[in-house]
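Have the viewer open as you read.

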Amino acid sequence: MELWSPPVDDMEFRRTYVEAIIRQNGADNDMQFMMTENNELCAIAFAEKKGEHNSAGSWWQSVYDGLKNSDYQKMLSVSKSYLSMMDEKTFSYMTDEDVKLSLFVSTKAGWGKKILDEAKAYYRKKGFKTMFLWTDCDCNVDWYFSHGYQLVEEGIFDEFSRAGEDYKIYVFKMAL
């Protein structure tokens, strides 16, 4: 939760913020994966087809409306704008034969590769040709380069940037 949550002490808001990220990336389809070992979650992955969007919009609005702290409202709003912008940016490169990996998380070393390999094999069987994903400088961007992903776009998200430190964003693709 540390990686995705804002720098505030309010644990309830931090949980809500992380839940918002997960809800934004989840889709109601058959392309979700979860891997466990000894009943412990080790990795998850969510994916979407071009133009497929989740149904989190009304949830976001109700949470936003329920926040009494205007700083928290702004943080949630900026996060939603960021996630939506990156999704749309990624969708702009895709065709109907492509899939977008919306989110994948591993809690143990090596499990990210395992879940991506399983997901890629599944998407290939479903007839997809290319897998796209986006990430940012909070993640290990070099991992994608070292595992055969091709950089499609690199940019900066100003609202997360700090003085002297650009918040870099990336869109990658990989042939399936």
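## Ground rules

This is a predicted model, in which local features need pLDDT of at least 70, side-chain atom pairs count only at pLDDT 80 or more, and totals for chains, interfaces and linings use all residues. Residues are numbered from 1 along each chain as its sequence is written, and side-chain values use heavy atoms, with hydrogens and water left out.

Helices are DSSP runs of H or I with at least four residues, strands are E runs of at least two, and both are numbered from the N terminus.

## Helix α1

Helix α1 covers residues 11-25.

The buried residues of α1 include Phe-13, Tyr-17, Ala-20, Ile-21 and Gln-24 (buried is under 20% relative accessible area, exposed over 50%, partly exposed in between, with a 1.4 Å probe and protein chains only). Among the elements covering them are β2 (40-49), α2 and α3.

## Helix α3

With 22 residues, α3 reaches 31 Å from its first C-alpha to its last, close to the expected 32 Å. At its start, a side-chain oxygen of Asn-69 comes to within 2.7 Å of the backbone nitrogen of Asp-71. Buried positions in α3 include Tyr-72, Leu-76, Ser-79, Leu-83 and Asp-87, and their cover includes α1, α2 and β6 (168-175).

## How α1 and α3 pack

The axes of α1 and α3 come within 11 Å and cross at roughly 20 degrees (axes are lines fitted to C-alpha atoms, for helices over the stretch in contact, and angles run from 0 to 180 degrees between N-to-C directions). The two helices are therefore roughly parallel to each other, a label for angles under 35 degrees. Residues of α1 such as Tyr-17 and Ala-20 are among those that meet an α3 set including Met-75 and Leu-83; contact means heavy atoms within 4.5 Å.

## Trp-60 beside them

Trp-60 lies in helix α2 (residues 57-66) and is buried, with a relative accessible area of 3%. Leaving aside neighbours within four places in sequence, Trp-60 is in contact with Ala-20, Gln-24, Leu-76, Ser-79, Lys-80 and Leu-83. Trp-60 and Leu-76 are 16 residues apart in sequence and 8.5 Å apart in space, C-alpha to C-alpha.

The side chains of Trp-60 and Gln-24 are joined by a polar contact of 3.1 Å. Such a contact is a pair of N or O atoms within 3.5 Å; within protein, one must be able to donate a hydrogen and the other to accept it, and residues adjacent in sequence count only if both atoms are side-chain atoms.

Note on methods. The expected span of a helix is 1.5 Å times one less than its number of residues. Angles under 35 degrees count as roughly parallel, over 145 as roughly antiparallel, 65 to 115 as roughly perpendicular and the rest as oblique.
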